[in-house]
Amino acid sequence: MGKIRLDKFLADMGLGTRSEVKKEIKKGSIQVNGMTVKNPEYKIDTGKDQVTAKGQQVSYAELEYYMLNKPAGVVSATEDKREKTVVDLITEKRRKDLFPVGRLDKDTEGLLLITNDGALAHELLSPRKHVDKTYFVKVKEPVSTEHVKLLETGVDIGEEKLTLPGKISRMAPERTSLCLTIREGKFHQIKRMFQAVDNEVLYLKRLSMGTLELDENLEPGAYRPLTQEEIKRLKEHAGKQKSSDI
Ligand code: URA
């Protein structure tokens, strides 16, 4: 918690653009601790000061964390002129600077963390940190034992090096649906890994990222804030993951 300018405080909390909130401040619509403040540069102590806008209290949220069950058909971006984005789905957000931690393809569903915690995002996404991501995958052709071995050893997806070993679990008896855990996050990685073994992904859903697991109660398109416990465990896990050269 620290001190920030009144206009930034209000803009961060989504009350308008910086110039819109400046106008409101100058009009006398904003009170700090019960006194009207007309100077946009007035410094607010976010831990102490009570700010009201047109009589409504505006409390400060520094960092926000949401778990979204991304539906298919929505892009993993913050803003898009034509398409609906994952951040647009977080309708109750307080801050304007939220972004998705990593990208899921437009047709992929499942767990996406939406936050404005850049440091945590960096830890979770760093290729050197090897944070596990588990996906439920449906593929066109049954996955042979030989292909399981290849996916669990490393396959050529056209990058400089083979993929790091994946881990396959929960293989269905007909061998066309399974869970795959990977530690990297290359563009279209799972789709390319199955292409490398002459198969095709028909459906993809992310189930977990590090210690964070998709809440089964969230329908596609639904979200909820992370619990304090989930935030704590995720930070501990991301911080602890060993850095290494790939
Ligand atoms: N791998 C893919 O191919 N797509 C995703 O969205 C995520 C992982």
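Student: How far apart do the end C-alpha atoms of residues 4–64 lie, and how much of the span is helix and how much strand?

Tutor: First, the basis: this is a predicted model, in which local features need pLDDT of at least 70 and side-chain atom pairs count only at pLDDT 80 or more, whereas totals for chains, interfaces and linings use all residues. Residues are numbered from 1 along each chain as its sequence is written, and side-chain values use heavy atoms, with hydrogens and water left out. Helices (H or I, at least four residues) and strands (E, at least two) are DSSP runs, numbered from the N terminus. For residues 4–64, the end C-alpha atoms are 18 Å apart, and the span is 28% helix and 26% strand. An unreviewed UniProt entry annotates residues 4–64 as "domain: RNA-binding S4"; such annotations may be inferred rather than shown by experiment.

Student: Is strand β12 buried or exposed?

Tutor: Buried means under 20% relative accessible area, exposed over 50%, and partly exposed in between, with a 1.4 Å probe and protein chains only. In β12 (residues 177–182), six of the six residues are buried, so the strand is largely enclosed by the rest of the structure. Ser177, Cys179 and Thr181 are buried on one side, and Leu178, Leu180 and Ile182 on the other.

Student: Which strand pairs with β12 over six bridges?

Tutor: Two strands pair if DSSP finds at least two bridges between them. Strand β10 (residues 133–139) pairs with β12 in the antiparallel sense over six bridges, and Val137 stands opposite Leu178. Strand β11 (residues 167–169) also runs antiparallel to β12, joined to it by three bridges; there, Lys167 has Thr181 as its bridge partner.

Student: Where does Arg95 lie, and what does its side chain reach at 3.2 Å?

Tutor: A polar contact is a pair of N or O atoms within 3.5 Å; within protein, one must be able to donate a hydrogen and the other to accept it, and residues adjacent in sequence count only if both atoms are side-chain atoms. Arg95 lies in the loop between β7 (65–70) and β8 (99–100) and is buried, with a relative accessible area of 7%. Its side chain reaches the backbone oxygen of Ala61 at 3.2 Å, and a polar contact of 3.5 Å joins the side chains of Arg95 and Asp12.
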